[in-house]
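User: I'd like to go through this model piece by piece. Can you take my questions as they come?

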2 protein chains.
Amino acid sequence: MKLASLRHGRDGRLAVVSRDLKTMLPVDRLCPSLQMALDSWSTTAPRLQEVSDALNQGTASGAIAFDAAKLASPLPRAYQWCDGSAYLNHVELVRKARNAVMPPEFLHDPLMYQGGSDDFLPPTADIAVADEAYGIDFEGEVAAITGDVPMGIDAAGAAGHIRLLMLVNDVSLRNLIPGELAKGFGFFHGKPSTAFSPVAVTPDELGDAWKDAKVCRPLVTHLNGKQFGAPDAGTDMQFSLADLIAHAAKTRNLRAGCIVGSGTVSNRDASKGFSCLAEIRMIETIENGKPTTPFMKFGDHVRIEMFDGAGKSIFGAIDQTVVKYAA
Amino acid sequence: MKLASLRHGRDGRLAVVSRDLKTMLPVDRLCPSLQMALDSWSTTAPRLQEVSDALNQGTASGAIAFDAAKLASPLPRAYQWCDGSAYLNHVELVRKARNAVMPPEFLHDPLMYQGGSDDFLPPTADIAVADEAYGIDFEGEVAAITGDVPMGIDAAGAAGHIRLLMLVNDVSLRNLIPGELAKGFGFFHGKPSTAFSPVAVTPDELGDAWKDAKVCRPLVTHLNGKQFGAPDAGTDMQFSLADLIAHAAKTRNLRAGCIVGSGTVSNRDASKGFSCLAEIRMIETIENGKPTTPFMKFGDHVRIEMFDGAGKSIFGAIDQTVVKYAA
C-alpha cells in the first residue's frame with residue numbers, strides 16, 4: 001500500500017494513496033497520523049491495507065484527487081533520522097578529489113550520521129537557505145522507515161522490520177561541511193531540514209524491484225528541468241537498507257518510525273549521471289583540477305523521482321525550489 | 001513548575017510534581033503527554049501552572065507519592081536531541097591527553113553533535129550494554145527543552161524559547177568513539193540511549209541559580225555510592241544554553257520538544273571532581289602517562305543529582321546500574 005500525510009498540524013492527517021497516484025483517501029478517523037500507524041503497525045496496517053485495496057479497486061468512497069502540494073512529509077517529524085553512505089563510489093570520489101584513498105574497512109563498516117528529524121520539509125516545499133555561499137546541494141537517496149528494532153539485530157533480522165520506503169532529498173550545505181567535519185563531531189549546520197517523497201510505500205509495492213533490501217530502479221533527478229542523473233539505486237549499493245538498519249542498531253534499540261537512509265545514490269558508470277552536485281564537481285576536480293558546475297542558486301529547482309517498469313511514478317516527486325530564507 | 005512522565009505506553013502520562021519532590025499528580029486528562037504540552041505550550045502551560053500551585057499549596061486532590069522508579073524520561077522519546085560541549089576544560093583535557101592544543105576558534109564556535117532521540121532510558125533504568133570492552137562511561141550534563149525556535153535566531157532570542165530544564169546522563173561507549181570519529185561522520189555507536197532526570201523544571205524553579213541561561217549549581221555525581229564530583233554547572237561554561245540553542249538553529253528551525261544539552265559539566269578546578277570517567281582518566285594520562293581509573297563494569301552504579309541552596313534535590317536523581325545486554 002501507499003501512504004501519505006495531508007498537511008495538517010504538526011503530524012499531518014494520514015491518507016491512503018492509490019497505486020497509480022491518482023487518488024487519495026484521508027483515513028485519520030481510522031488512524032490520525034502515520035506515526036500512530038507505525039506505533040501500532042501490527043493492528044493498524046491490515047486495516048489500512050483494506051482501505052488501500054478498496055481504493056485501488058475503485059470501490060472506496062470519499063477519495064480525492066492526489067495532489068502532492070497538499071502533502072506534508074510522510075512523517076512531518078520523526079523520532080530518528082539516520083543516514084548511511086551505502087554507495088561507495090560517492091565516498092571514493094570524495095577521497096579521490098583530494099588525492100586520498102578510501103580506507104579498506106569502509107567496505108564492511110558503513111558510514112552513517114545522525115540527522116535532525118524535528119522539522120522535515122514537505123515534498124514540494126521551498127528549500128529556504130540564508131546564504132547562497134553555504135554551497136547549496138541536493139542529495140537523492142532512498143530510505144526505509146522501520147518498526148521497533150531491537151539492539152544488536154543482524155541484517156537478516158533487520159530486513160523484517162522495514163515497514164515503508166521513501167525517496168529522500170538530503171539537502172546539504174557543502175561549504176559548511178569541511179569546517180564542521182574538521183571539528184570532529186560530524187555534520188550539523190551542513191545538513192539542514194531534509195525532504196522526503198510525497199508517498200511512502202510498503203516494500204511489496206515495488207514487486208521485483210525490491211531485492212535483498214535494495215530498491216532496484218533508477219533514481220531520476222532533474223535540475224532546472226534538465227535530467228541530471230538516473231543511476232540505479234540497486235547497483236553499486238555496498239550496504240543494503242537492512243545492513244544499514246543493523247548498523248544503526250548495534251548499540252541501541254531503534255523505535256517505530258525510525259528513518260534510515262541510503263546515502264546519495266551513485267553508480268560507478270558515470271554515464272548514468274548523478275544524484276548530487278558535489279559528485280559531478282568531484283569528477284570535474286579530478287579531471288580538470290577544479291569544479292565548474294556551480295552549487296544551487298536561489299530560484300534553482302530540483303526534482304527527484306523513481307518510476308516503475310511501466311514508467312509510472314512510484315513515490316511521487318520531490319519537487320523543490322531554493323529560496324532565500326527570510327526570518 | 002515541575003513536570004514528569006509516568007511510565008505508560010510510548011510517550012508516558014504527564015504528571016505535575018510538587019516543588020519538594022514529595023508528591024505528583026497525573027494530569028493526562030488535562031494534557032496526555034509532555035510532548036503535547038510542549039506542542040501547545042502557550043495554552044497548556046498556564047493550566048499546568050494552576051495544578052502546580054495547588055499541589056504546592058497542598059490543595060490538589062489525587063496526588064500520589066513521588067517515586068522516580070515509576071517515571072519514564074520526561075520526554076520518553078523526542079524529535080531532536082543535540083548535545084553541545086560548552087565546558088571547554090573538558091575539551092582542553094581531551095586534547096592535552098594526546099599532546100594537542102585546542103583550536104582557538106573553539107572559544108566562539110561550539111562543538112555539537114546530533115544524538116538519537118527515539119528511545120531514551122527512564123531515569124532509574126539499567127544501562128544495558130553488550131560488552132564491557134566498549135568502555136562504558138557516564139556524562140553528567142544539564143539540558144534545555146525548547147519551544148519552536150526559528151532558524152537564524154540569536155542567543156538573546158533563543159533564551160526566550162527555553163521551556164524546561166533537565167539533567168542528563170549522556171551514556172558514552174568510549175572505546176567505540178576514536179574509530180568512529182576517525183571515519184569523519186561523528187558519533188553513532190559511541191552514544192547509545194541517553195537518560196534524563198526524573199523531573200523537568202521551568203527555569204523559574206531555579207530562582208537565583210538560573211543566570212544568563214546557565215544553571216548555577218553544582219552537579220553532584222556518585223559512583224558506586226562514593227562522591228565522584230560536584231563541579232558547578234554555572235562555572236567555566238563557555239557557551240550558555242541560549243548560545244547552544246542559537247548554534248543549533250543556525251541553518252534550520254528547531255521544533256517544540258527539541259532537547260539541547262550542555263556537554264559534560266567540567267570545572268578547571270580539579271578539586272571539584274568530575275562528571276565523567278574519561279576526564280579523570282585524561283588527568284591520569286597527563287600526570288602518569290596512562291589512565292588508572294577503569295571504565296564502568298556490569299553492576300557499577302552512577303547517581304547524578306543537583307541540589308538547591310537548602311540541600312533539596314531539584315530534578316530528582318538519575319540513578320542507573322550498568323548491566324549486560326541480553327537480546
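User: Which residue does H222(B) stand opposite in β18(B)?
Analyst: This is a predicted model, so keep that in mind throughout. Strand β17 (residues 219-223) of chain B pairs with strand β18 (residues 226-229) of chain B in the antiparallel sense, over three bridges. Within that pairing, the residue facing H222(B) is Q227(B).

User: Which residue in the turn of that hairpin has a positive phi?
Analyst: β17(B) and β18(B) form a hairpin, with two residues between them. The turn residue with a positive phi, about 50 degrees, is N224(B).

User: Now the two chains. What kind of axis relates the copies?
Analyst: Chain B superposes on chain A by a rotation of 180 degrees, with 0.0 Å of shift along the axis and an RMSD of 0.0 Å. The copies are therefore related as by a two-fold rotation axis.

User: Which C-alpha of chain B is nearest the axis?
Analyst: Take the axis of the 180 degrees rotation that puts chain B on chain A. The chain B C-alpha nearest to that axis lies 1.9 Å from it, and belongs to G186(B).

User: How much area do chain B and chain A bury between them?
Analyst: In terms of residues, 52 of chain B are in contact with 52 of chain A. Carbon and sulfur atoms account for 53% of the buried area. The total comes to about 4900 Å².

User: Which residue of chain A does R255(B) meet in a salt bridge?
Analyst: The rule finds ten salt bridges across the interface of chain B and chain A. In the one with R255(B), the side chains come to 2.8 Å, N to O. The partner is D119(A).

User: Is G257(A) buried or exposed?
Analyst: G257(A) sits in the loop between α6 (241-248) and β19 (259-261) of chain A. Leaving aside neighbours within four places in sequence, its contacts include Q35(A), L75(A) and I145(A). Because its relative accessibility is 0%, G257(A) is buried.

User: And which domain does UniProt list for residues 81-322 of chain A?
Analyst: Over residues 81-322 the chain is 17% helix and 25% strand, with the end C-alpha atoms 22 Å apart. For residues 1-77 of chain A, the unreviewed UniProt entry lists "Fumarylacetoacetase N-terminal". For residues 81-322, the unreviewed entry gives "Fumarylacetoacetase-like C-terminal".

Note on methods. Residues are numbered from 1 along each chain as its sequence is written. Chains are lettered from A and ligands numbered from 1 in the order in which they are written. This is a predicted model: local features need pLDDT of at least 70, side-chain atom pairs count only at pLDDT 80 or more; totals for chains, interfaces and linings use all residues. Side-chain values use heavy atoms; hydrogens and water are left out. Helices (H or I, at least four residues) and strands (E, at least two) are DSSP runs, numbered from the N terminus. Buried means under 20% relative accessible area, exposed over 50%, partly exposed in between (1.4 Å probe, protein chains only). Contact means heavy atoms within 4.5 Å. UniProt positions are given in the numbering used here, feature names are shortened, and annotations may be inferred rather than shown by experiment. Copies are superposed by least squares on the C-alpha atoms of residues with pLDDT of at least 70 in both. Two strands pair if DSSP finds at least two bridges between them. Buried area is the accessible area (1.4 Å probe) that two parts lose on being put together, summed over both. A salt bridge is a side-chain nitrogen of Lys or Arg within 4 Å of a carboxyl oxygen of Asp or Glu.
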